[in-house]
Amino acid sequence: MHSDQSALDEQWMRQALVLAERAQLEEDEIPVGALLVSADGMCIAEGWNRNIGDHDPTAHAEIVAMRRAGQALGNHRLIGSTLYVTLEPCAMCAMAMVHARIARVVFGAYDPKTGAAGSVFDLLADARHNHRVDVQGGVLAEEAGARLSNYFKAKRAKV
């Protein structure tokens with residue numbers, strides 16, 4: 001990958017990690033953060049996990065960011081955009097990205113249990129879909145993974 005793109009991906013992922021931290025510190029949510037960047041390099045929308053607070057099983061960070069982006073743009077199609085998220089998308093989020101026509105997803109930590117961008121499923125690259133999303137995984141994966149691991153360790157310690 002081009003080094004300028006790698007540097008840009010890391011820059012945006014650091015911002016997604018800040019959002020993940022906000023989810024945990026401000027709302028005691030699982031620390032996953034996401035943001036959507038337009039083709040011309042502007043941040044359209046941000047999101048983080050809201051499942052617990054919103055009592056909504058669909059309120060994953062990616063879905064929150066895509067909903068906000070759609071509202072900001074006045075369109076359900078997010079063509080040409082890149083979604084940055086700190087954890088590999090699940091099947092629900094991956095299919096929402098396909099429906100939104102997102103161009104690219106960049107994620108941090110791999111999810112060996114429910115990852116749908118190559119770990120368990122590979123929904124984003126499936127040739128049977130009418131749209132495919134380019135995937136770049138493992139960007140700042142150690143930092144993203146450590147944040148999640150530490151969150152769950154702390155939760156288990158409180159029980």
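Glutamate 26 and arginine 22 lie four residues apart in helix α1, so about one helical turn separates them. Helices (H or I, at least four residues) and strands (E, at least two) are DSSP runs, numbered from the N terminus. The model is predicted: local features need pLDDT of at least 70, side-chain atom pairs count only at pLDDT 80 or more, and totals for chains, interfaces and linings use all residues. Residues are numbered from 1 along each chain as its sequence is written, and side-chain values use heavy atoms, with hydrogens and water left out.

Glutamate 26 and arginine 22 form a salt bridge, with the closest N and O atoms 2.9 Å apart. A salt bridge here is a side-chain nitrogen of Lys or Arg within 4 Å of a carboxyl oxygen of Asp or Glu. The whole structure contains nine salt bridges. Arginine 22 is partly exposed, at 32% relative accessibility. Buried means under 20% relative accessible area, exposed over 50%, and partly exposed in between (1.4 Å probe, protein chains only).

A salt bridge also joins arginine 50 to glutamate 27 (1.9 Å, N to O). This pair links distant parts of the chain, 23 residues apart: arginine 50 sits in the loop between β2 and α2, glutamate 27 in helix α1. Arginine 50 is buried at 17% relative accessibility. Glutamate 27 is partly exposed at 27%.

Lysine 155 pairs with aspartate 28 in a salt bridge, the closest N and O atoms being 2.6 Å apart. Here 127 residues separate helix α5, which holds lysine 155, from aspartate 28 in the loop between α1 and β1.

The largest nonpolar core has 43 residues, of which Leu83, Met97, Ile102 and Leu124 touch the most other members. Such a core is a set of buried Ala, Val, Leu, Ile, Met, Phe, Trp, Tyr and Cys residues joined through side-chain atoms within 4.5 Å. Helix α1 contributes the most to this core, with six residues. Beyond its neighbours within four places in sequence, leucine 83 is in contact (heavy atoms within 4.5 Å) with residues including Ala34, Glu62, Met97, Ile102 and Arg104.

Lysine 155 is partly exposed at 27% relative accessibility, as is aspartate 28, with a relative accessible area of 36%.
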